[in-house]
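Trainee: I would like to understand how the terms used for a structure follow from its values. Could we take a few of them in turn?

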Amino acid sequence: MKIHEYQAKQILSQYGVQIPHGEVVETPAKAREAVERIGRRVVLKAQIHAGGRGKGGGIKLADSPQEAESLAEKMIGMTLVTPQTGPQGRLVKRLLVEEAQDIAKELYLGIVIDRARECAVVMASTEGGVEIEKVAAEHPELIFKEWVNPATGLAGFQARKLAFELGLAGETHKQAVKFISSLFKAFQMSDASLAEINPLIITRAGAVLALDAKMNFDDNAVPRHPEIQAMRDLNEEELLEVEASKYNLNYIKLDGNVGCMVNGAGLAMATMDIIKYSGGMPANFLDVGGGVTEEAVMNAFKILVADKDVKAALINIFGGIVRCDLIANGIVKAAKELSTQIPIVVRLEGTNVDLGKRILQDSGLAFTPAVGMKDAAEKVVALAK
């Protein structure tokens, strides 16, 4: 689960992370009022779930309440296109109006889960304000890392070491140590999967502040944090992904035209690979789960064919826990209910496979049967073309 910058800063500030003073507004008039209260130069920042906002015109400076109101009129309601939104962009519904800072240094600080080492890793770099992926590719020596023992948490010496590696000294070093420790506490206590400050700034007065903030959370842990769950903005998510989440289906929209419905994440990944190998491009990742029900199959099928980009669909099911006849009944009911014209290739294997194939054959619907994954992939790619 992702949240907006202003929401991440609200959470971080609760754990002692220092942030600039700011207010969230949804109208130009409120932007003007916010600047009047702040009483100094401000930055207007579009709140969408994507980076690169400045490149698309989503970050503007204002020197007066009147200028802020004028800029807000143009920004609120605009479709902001950034390198991370894709060409369709995102609708801007609110702005963060924040006091501008006198910046001396821009740094980077982030925390993610290192799954290979099974622990969190704190990363810092002197190259702040730019994409960390670019720094990692071109100058990996400029990224400093400290892996955190989950039993003991971030040790004081680790925070001090990172602050030294960032080239900080004196009072600024002390502030940075506290900042790093506070960020890790927020990351740990909120069950985050990502906490990123880019840039982490040092002002000319020596203050250490989170100029930007990004947080993602473990979906499996979000129910433990109702205050965070309430921050979910469905307007920032793919409509089909939101619909799938209602039925506990694992669905991710992709850029291709071959729809996939599979049971089991491993089989789903293999199915996507073989579609690509056969010259096609998957339109989605859709895992209905090992213990899927007939109702779940119907809901998954509806989501699959609702994607306007899907030109053909592959249903690839291995009946281990689930029976193939149950899957077949769900597919037939959904196809009849929706009257879809999309070509559908079905590959069934496992428990009650013969009964499942017979149900599909006797349905009167034009399903294309397949024997094996290679045959299924080749058929669906040909139909999609």
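Trainee: What makes the pairing of the side chains of Arg94 and His4 a polar contact?

Mentor: Keeping in mind that this is a predicted model, the side chains of Arg94 and His4 are 3.5 Å apart at this polar contact. A polar contact calls for a pair of N or O atoms within 3.5 Å, one able to donate a hydrogen and the other to accept it, so the pair is given that name.

Trainee: Why is Arg94 called buried?

Mentor: Arg94 has a relative accessibility of 14%, and because buried means under 20%, the residue is counted as buried. Its place is in the loop between strand 5 (90-91) and strand 6. Leaving out residues up to four places away in sequence, Arg94 touches several others, among them His4, Tyr6, Val24, Lys45 and Asp233.

Trainee: Which residues is Leu96 in contact with, once its neighbours within four places in sequence are left aside?

Mentor: The residues in contact with Leu96 include Glu5, Tyr6, Gly22, Val24, Val43 and Gln47, and the word contact is used because heavy atoms lie within 4.5 Å. As for Ala34, that residue and Leu96 are 62 residues apart in sequence and 9.7 Å apart in space, taken from C-alpha to C-alpha.

Trainee: Which residues touch the most other members of the largest nonpolar core?

Mentor: They are Leu109, Val122, Ile197 and Met215, in a core of 41 residues. The largest share of this core, eight residues, comes from helix 6 (residues 170-189). Apart from this core lies another, of 36 residues, which includes Tyr251, Leu286, Val322 and Ile327. Ile197, for its part, is in contact with residues including Leu12, Leu109, Phe179 and Ala213, its neighbours within four places in sequence being left aside.

Trainee: How do the lining residues of the second largest pocket divide into nonpolar, polar and charged?

Mentor: The lining divides into eight nonpolar, two polar and three charged residues. Of the 13 lining residues, Ile113, Cys119, Ala120, Pro150 and Phe187 lie nearest the centre of the pocket, and each of these five is counted as nonpolar because Ile, Cys, Ala, Pro and Phe belong to that class. Helix 6 gives the largest share of this lining, three residues, and the volume of the second largest pocket is about 240 Å³.

Key: Residues are numbered from 1 along each chain as its sequence is written. This is a predicted model: local features need pLDDT of at least 70, side-chain atom pairs count only at pLDDT 80 or more; totals for chains, interfaces and linings use all residues. Side-chain values use heavy atoms; hydrogens and water are left out. A nonpolar core is a set of buried Ala, Val, Leu, Ile, Met, Phe, Trp, Tyr and Cys residues joined through side-chain atoms within 4.5 Å. Buried means under 20% relative accessible area, exposed over 50%, partly exposed in between (1.4 Å probe, protein chains only). Helices (H or I, at least four residues) and strands (E, at least two) are DSSP runs, numbered from the N terminus. On a 1 Å grid over the protein atoms alone, a cavity is a set of points where a 1.4 Å probe fits but cannot get out, and a pocket is an open set with protein on both sides within 12 Å along at least five of seven lines; lining residues have an atom within 4 Å of a point. Grid points are joined across faces, edges and corners, and a volume is the space filled by probe spheres set on the points.
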